Structures are given as structure tokens and as C-alpha cells.
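Let's take a walk through a protein fold, one piece at a time. Have the sequence and the 3D view open as you read.

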Amino acid sequence: MNRIASFVILFFFCLTSAFAEIQWSGIVIHHSDSDFGTVKDIDRWHKERGWDGIGYHYVIYRDGSIHKGRDLGKIGAHAKGRNQTYIGICLIGKKSFTEAQRANLRHLGKELRLKYPILSIERHHEQCPGKGLGEEYFMQRGHK
Ligand SMILES: [Zn+2]
């Protein structure tokens, strides 16, 4: 391949990857509605639904540990209508969450807000993640 051809290919590669970058502007918090579950389990559950693997970008286990799910280079599959610009975080649990989970959810939220212009942190819906997580964990659009 001559130099010009390889330069042109490189140029288009850079161009498409620049356009492919996702403009994250929000976060949706979910719960797993189960007492257990790892990234691997959720990946399997979501594949069983016919999805392209785990739909959340992060999963926070009961011990508070934060685990990466879907790559942030890909849009999520967790909140219809918001997937294009919202990062998905899932807490393992049903109605209540551990102190470690709450603390690390706050840390992760702070970290993501430093990296991306996050305008809003929202519930998925009224029952997800439910009342087990108070309003202080959420942020309305435009109120930083
Ligand atoms: Zn949800």
C-alpha cells in the first residue's frame, strides 16, 4: 500500500472514531431486583433477553465494589429513550442498599461528573431503584 492510501485510511479512521464518541450527559441508576448477581450473571441475563450483553456500564456489588459492565465507548441498554446519552449504573439489591454501595455510588457519580458534562442523575422509574435510595442521590437536569 502506498503512503497516501494509508494516510487516507488513517484519516477516515480518526474521523469516524471522533464522530462515534458518545456525548454522555446523564446517569440513570437502577437496581438488579435480586440479592445477588455479578457482571457475568447480568451479562448472561441480558443476552437471554436477546441484547448485546450487559446493558449497564457499571455494577455496584453489595460489598460496595464497583465493576465495569458495558464499555463506555458503546451506548447502553438500560433505559429506553435515554440510552443514547445516559450512563447506566446498577446496584445489586432489591429494596435496600448497603452503606458501602451508597458511598461508592457517590464516588462514582463524582468521578463521572468530573469526566463528562453530566446534567442529570435520574431513577430508571419509580420502582427502580425504588425508595431504598433517597432523593439525595439524584440530580435534576440543570441543577448541578
Ligand atoms: Zn432499571
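## A strand pairing to start with

Glycine 26 sits across from tyrosine 86 of strand S4. One step along, isoleucine 27 has isoleucine 87 as its bridge partner in S4. Strand S1 covers residues 26-31, and S1 runs parallel to S4 over 6 bridges. Strands here are DSSP E runs of at least two residues, helices are H or I runs of at least four, and both are numbered from the N terminus. Two strands count as paired if DSSP finds at least two bridges between them.

Before we go on, some ground rules. Residue numbers start from 1 along each chain, following the sequence as written. The model is predicted, so local features need a pLDDT of at least 70 and side-chain atom pairs count only at pLDDT 80 or more, while totals for chains, interfaces and linings use all residues.

## The whole sheet

S4 also pairs with strand S2 (residues 58-60), again in the parallel sense, over 3 bridges. In that pairing, valine 59 stands opposite cysteine 90 of S4. As background, strands of a sheet pair through backbone hydrogen bonds, either parallel or antiparallel.

Zoom out and you get an open sheet of 5 strands, in the order S3-S2-S4-S1-S5, with mixed pairing. S3 and S5 are the edge strands, each pairing on one side only. On average, neighbouring strands are turned by 25° against each other, direction ignored (axes are lines fitted to C-alpha atoms, for helices over the stretch in contact, and angles run from 0 to 180 degrees between N-to-C directions).

## Inside the fold

Why is S4 largely enclosed by the rest of the structure? It's because 6 of the 6 residues of S4 (residues 86-91) are buried. Buried means 20 or more other C-beta atoms within 10 Å of a residue's own, exposed means 12 or fewer, and partly exposed is in between, with C-beta atoms placed from the backbone. Both faces of S4 are covered, with Tyr86, Gly88 and Cys90 buried on one side and Ile87, Ile89 and Leu91 buried on the other.

The largest nonpolar core has 23 residues, and Ile27, Ile29 and Ile89 are among those with the most contacts inside it. S1, S2 and S4 each supply at least two residues of this core, and S4 gives the most, with 5 residues. A nonpolar core is a set of buried Ala, Val, Leu, Ile, Met, Phe, Trp, Tyr and Cys residues joined through C-beta atoms within 7 Å.

Isoleucine 29 is in contact with Ile89, Leu91 and Pro129, among others, leaving aside its neighbours within four places in sequence. Contact means that the C-beta atoms of two residues, placed from the backbone, lie within 7 Å.

Most residues other than glycine have a negative phi, and most peptide bonds are trans. Aspartate 33 has a positive phi, near 60°. Aspartate 33 lies in the loop between S1 and helix H2 (39-48), and it counts as partly exposed because it has 15 C-beta neighbours inside 10 Å.

Which two residues does a cis peptide bond join? They are cysteine 128 and proline 129, with omega about 0°. Proline 129 is in the segment after strand S5 (120-123).
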